[in-house]
Each structure stands twice: as C-alpha cells, then as structure tokens.
Amino acid sequence: MRLVNPLIALLFSTIASAQQVFIMSPLAGTSVSPGKNITVTIERPASLSTSEEVAVVIAIHSCARNLCAPQADALGEILYNGLFNPHTNFKQPSEDFNIRIPQSMSNGSALLTVTHFALIGAGPVPWMELKNVSVVVD
Ligand SMILES: *[C@@H]1O[C@H](CO)[C@@H](O)[C@H](O)[C@H]1NC(C)=O
Ligand SMILES: *[C@@H]1O[C@H](CO)[C@@H](O)[C@H](O)[C@H]1NC(C)=O
Ligand SMILES: *[C@@H]1O[C@H](CO)[C@@H](O)[C@H](O)[C@H]1NC(C)=O
C-alpha cells in the first residue's frame, strides 16, 4: 500500500472540512406533517479553497421507536436528488429546497439527511459527506 504523505493528508482534510455544508433549516426537533412541504436550507460557507459543487441528495427515514438507522446504511425516501447551486445573498452561500414530506410517513421521529458530493482541489478529488437533522412527524 502506498503511504500518503501526512502533510498532504492533513491539507486535504482541512480543505475538505472547508467544503462542508450545514443544514440550516429545518432545525432539530421541528414538527413536519405528511403531505406538507417544508423548506430545507443547505448552507455551504464561502471558502478560499478550490472546489466544485456536484450534487446533493435530500432524504427522510422514519426512526422506529426513536432509534434511527445509521444514515450511511439507509437513506430512506429520496426527496431530492440533483444539482446543488448555493447562491450568495446577504449571508453565506446557501440554497433552499422546497420538498414534500411523503404522505406515507408514520408519526414519530424521523431523520432528514443531506448527502453532499463535491470535487476538491486541482486534481480534483471526489468527495462526499453525510449530514442529518432529526425532525418529528405528527
Ligand atoms: C447524524 O449526524 C451525526 C453527526 O455527524 C452523526 O454522529 C450521527 O451518527 C448521524 N446519525 C445517523 C443516524 O446516521
Ligand atoms: C412541494 O414540493 C414538491 C417537491 O417535493 C413540489 O413538486 C411541489 O410543487 C411543492 N408544492 C408547493 C405547494 O410548494
Ligand atoms: C399523527 O399525528 C397527528 C397529529 O398529532 C394526528 O392527527 C394523526 O391522527 C396521527 N396519525 C396517526 C396515523 O397516528
């Protein structure tokens, strides 16, 4: 196995963490209703390192007895799968997605997840991260 230069590895993890997105809305614990739309706001703070946005996947998964399956194992229902184009307004670059909570969602807690894909650096290097927020369906 080829050893990765630790300095390059550190540099990459620093650059990668600068490309992180944050779920600004909904907030944890927000009540959502089956069949109703909500706004999911995904922020990608401005950074100086080179990166190119590819896509995000927004999904929701019911948590049985309040125990959520790890999002890396099962995303649940895909609510959005497409381009991510954060726009700068007065705040950090972000994009709002208007998505419908599936009519079939059962009451109780659910995990809303964002899977984010980007290309980082001059290589570029493909990169993916998983984010989540728990909401309450009622
Ligand atoms: C949600 O995200 C947190 C923070 O990254 C992580 O620790 C947790 O495992 C995730 N939850 C699930 C169910 O994947
Ligand atoms: C609700 O979201 C869906 C996408 O999930 C969209 O097609 C529909 O137009 C939205 N409805 C309203 C009233 O915004
Ligand atoms: C889910 O919760 C809402 C609001 O509390 C209630 O009106 C509805 O009957 C519940 N649905 C089920 C299937 O329990």
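View 1. Around ligand 2 sit Asn-37, Leu-79, Asn-98, Ile-99 and Arg-100, where being near the ligand takes a C-beta atom, placed from the backbone, within 6 Å of it. Strand E6 (residues 94-100) is the top contributor here, with three residues; strands (E, at least two residues) are DSSP runs numbered from the N terminus. By type, the shell has two nonpolar residues, two polar and one charged, with Ala, Val, Leu, Ile, Met, Phe, Trp, Tyr, Cys and Pro taken as nonpolar, Asp, Glu, Lys and Arg as charged, and the others, Gly among them, as polar.

Residues count from 1 along each chain as its sequence is written, while chains are lettered from A and ligands numbered from 1 in the order in which they are written. As this is a predicted model, local features need pLDDT of at least 70 and side-chain atom pairs count only at pLDDT 80 or more, whereas totals for chains, interfaces and linings use all residues.

**View 2. The open sheet, strand by strand.** Five strands line up as E2-E8-E7-E4-E5, with mixed pairing; two strands pair if DSSP finds at least two bridges between them. E2 and E5 (77-83) are the edges, each pairing on one side only. E2 runs parallel to E8, with two bridges, and Val-32 faces Val-137 in E8. E4 (residues 51-62) and E7 (residues 108-120) are antiparallel and share eleven bridges; look for Val-56 opposite His-116 in E7.

**View 3. The E7-E8 hairpin and its turn.** E7 and E8 (residues 125-137) are antiparallel partners over 13 bridges, including a spot where Ser-109 stands opposite Val-136. Four residues separate the two strands, and Gly-121 in the turn shows a positive phi of about 80°. Pro-124 also lies in the loop between E7 and E8, and the Gly-123 to Pro-124 peptide bond is cis, with omega about -15°.

**View 4. Another cis proline, Pro-26.** The bond joining Ser-25 and Pro-26 is cis too, with omega about 0°. Pro-26 belongs to the loop between E1 (22-25) and E2 (31-32).

**View 5. Around Val-114 in the largest nonpolar core.** This core (buried Ala, Val, Leu, Ile, Met, Phe, Trp, Tyr and Cys joined through C-beta atoms within 7 Å; buried means 20 or more other C-beta atoms within 10 Å of a residue's own) has 16 residues, and Val-114 is one of those touching the most other members. E3 (37-43), E4 and E7 each supply at least two of its residues. Skipping residues up to four places away in sequence, Val-114 touches Val-21, Ile-23, Ile-42, Val-56, Ile-58 and Lys-131, a contact being C-beta atoms within 7 Å.

Conventions:
A residue is buried if 20 or more other C-beta atoms lie within 10 Å of its own, exposed if 12 or fewer, and partly exposed in between; C-beta atoms are placed from the backbone. Two residues are in contact if their C-beta atoms, placed from the backbone, lie within 7 Å.
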